[in-house]
Amino acid sequence: MALDLAEIESTPPFSPSKLFDPKSSTNSSPSKHSALFNTNNFPSISSSTSFSSLHESLPESPHIFDFSEINAATNNFLTNRRSADSSTPSWRCTLHGKDVIIFQRKFQPQIGLQQLKDRLYKICLCHHTSIIQLLGISISANYLYLVYNFVNGANLSDCLRNSKTPNFTVLSTWISRMQVATDLAHGLDYIHNKSGINISLTHNHIKSSSIIVTEPSFNARICHFGAAQLCNEDDWNNRIEKPSNSRCNSGQIGEDSKKKLQLKDKQVVKSKKLQIKGVRGYMAPEYKSSGVATPMTDVYAFGVVILELLTGEEPVKFEFDRRKGNFVRVSLIESAMAVIEEGDDVQGTLRKWVDRRLEDSYPIHVAEKITRLAIRCVDEDPAKRPSMSHVASKISKLYLESRIWSDNMVAPAKLSVSLAPR
């Protein structure tokens with residue numbers, strides 16, 4: 001039977017080496033941290049073989065970093081803080097000679113040691129060009145520190161929106177936005193269907209601020225992959241606390257009162273979930289009600305990100321209505337549906353809805369197709385949403401159509417073209 005992490009040592013931080021060394025005692029030295037798997041356990045290879053270069057090109061096994069290493073690398077968490085978000089703080093630093101970024105997440109200790117080992121190993125086996133690689137973890141008290149490769153770039157939200165320069169966007173061309181959409185679609189398709197490991201994976205944190213856009217080709221990389229599984233969010237979300245009261249057993253209250261009490265307890269648990277997880281505008285309806293993440297909740301969030309790429313707008317915002325004299329909620333999903341339901345003049349309305357900073361320089365037929373695809377992704381019924389395999393295939397075709405359109409565009413003679421901000 002798996003042990004709880006709390007049983008390893010009563011006073012945090014405990015030594016991470018104990019996670020993967022069943023023979024170690026509670027007095028083991030914290031400095032004995034190592035890679036998950038010892039290469040001595042594998043068959044030896046003759047020195048005459050030419051596999052050394054192949055070995056050097058392969059990624060390292062995931063590490064359990066000692067918390068003292070994390071503390072020293074971040075200067076006691078005082079320097080190089082990258083995020084102002086208190087729910088997911090992060091630090092950029094150098095660890096074991098590598099440029100990394102460390103995310104702090106709340107850890108649910110109900111996960112067993114063997115289960116944590118299996119999840120970490122399998123997640124670190126996943127490699128895709130659109131996913132930022134997880135290198136290892138460290139645990140202290142109720143927090144999990146996830147160590148990822150640092151990727152130089154800017155998050156998609158900042159690329160699309162900047163309050164200081166509202167008329168400028170990094171993604172100023174249609175093809176750059178299609179590149180982001182294509183990379184994101186294939187990254188999620190890999191997570192859901194093509195990782196090759198026997199574990200059901202979801203991302204559970206898809207949003208524009210968790211997608212890094214890199215230069216010079218505007219490729220997209222997905223952050224925080226594996227965090228949901230390692231932090232045991234899904235298991236905790238499914239765990240509903242039963243009311244522990246003796247009155248129910250002793251018959252002091254009736255069945256109606258018992259049901260009301262159970263319903264009240266479930267509502268409290270659900271309210272706690274909404275306070276801890278989920279980002280406004282990206283949460284699928286079924287996730288709001290149950291708190292259970294599935295591949296279809298990722299598809300919903302993906303659809304919202306596509307609508308962001310099309311318009312440059314936030315998923316949900318509040319604008320002041322002068323006629324009503326108060327603020328009104330503006331939903332990107334609702335505005336997209338209104339455009340598609342326009343009737344005969346869909347493309348005319350679509351040109352007014354798509355980001356004006358693209359200056360009408362895009363294939364309108366492709367814009368209509370990808371808008372309709374995004375609306376299918378955000379359908380309230382998860383059974384009606386397409387799978388990421390289907391979505392990735394569709395977006396790849398739309399990218400090729402966009403590329404053909406872009407290649408056929410001829411700039412007028414004697415005119416210079418610049419994508420720099422004015």
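In this predicted model, Arg-92 is placed over the face of Phe-150, 3.8 Å from the centre of the ring.

Six aromatic pairs are found in a search of the whole structure. One of them joins Phe-67 and Tyr-145 in a tilted geometry, with 5.6 Å from centre to centre and 50° between the planes. Because Phe-67 belongs to helix α2 (residues 67-73) and Tyr-145 to strand β5, this pair ties together parts that are 78 residues apart in sequence. Phe-67 is buried, its relative accessible area being 15%, and Tyr-145 is likewise counted as buried, at 5%. Together with Phe-77 and Trp-91, these two residues form one aromatic cluster.

The strands include an open, mixed sheet of five members in the order β1-β4-β5-β3-β2. Its edges are formed by β1 (63-64) and β2 (90-95), each of which pairs on one side only. Helix α3 (residues 113-125) packs on the sheet through β1 and β4, and its direction makes about 155° with that of β4. Six bridges connect β4 (residues 134-140) to β5 (residues 143-149) in the antiparallel sense, and Ile-137 stands opposite Leu-146 of β5.

Ile-137 is also among the residues that touch the most other members of the largest nonpolar core, which comprises 89 residues; Trp-174 and Phe-302 are others in this group. Helix α11 (residues 295-311) makes the greatest contribution to this core, with 11 residues. Apart from it lies another core, of 12 residues, including Phe-67, Phe-77, Cys-93 and Tyr-145.

Methods. Residues are numbered from 1 along each chain as its sequence is written. This is a predicted model: local features need pLDDT of at least 70, side-chain atom pairs count only at pLDDT 80 or more; totals for chains, interfaces and linings use all residues. Side-chain values use heavy atoms; hydrogens and water are left out. A nonpolar core is a set of buried Ala, Val, Leu, Ile, Met, Phe, Trp, Tyr and Cys residues joined through side-chain atoms within 4.5 Å. Buried means under 20% relative accessible area, exposed over 50%, partly exposed in between (1.4 Å probe, protein chains only). Helices (H or I, at least four residues) and strands (E, at least two) are DSSP runs, numbered from the N terminus. Two strands pair if DSSP finds at least two bridges between them. Contact means heavy atoms within 4.5 Å. Axes are lines fitted to C-alpha atoms, for helices over the stretch in contact, and angles run from 0 to 180 degrees between N-to-C directions. Rings of Phe, Tyr and Trp (its six-membered ring) pair if their centres lie within 6.5 Å; planes under 30 degrees apart count as stacked, over 60 as edge-to-face and the rest as tilted. A charge sits over a ring if NZ of Lys or CZ of Arg is within 6 Å of the ring centre and within 35 degrees of the ring normal.
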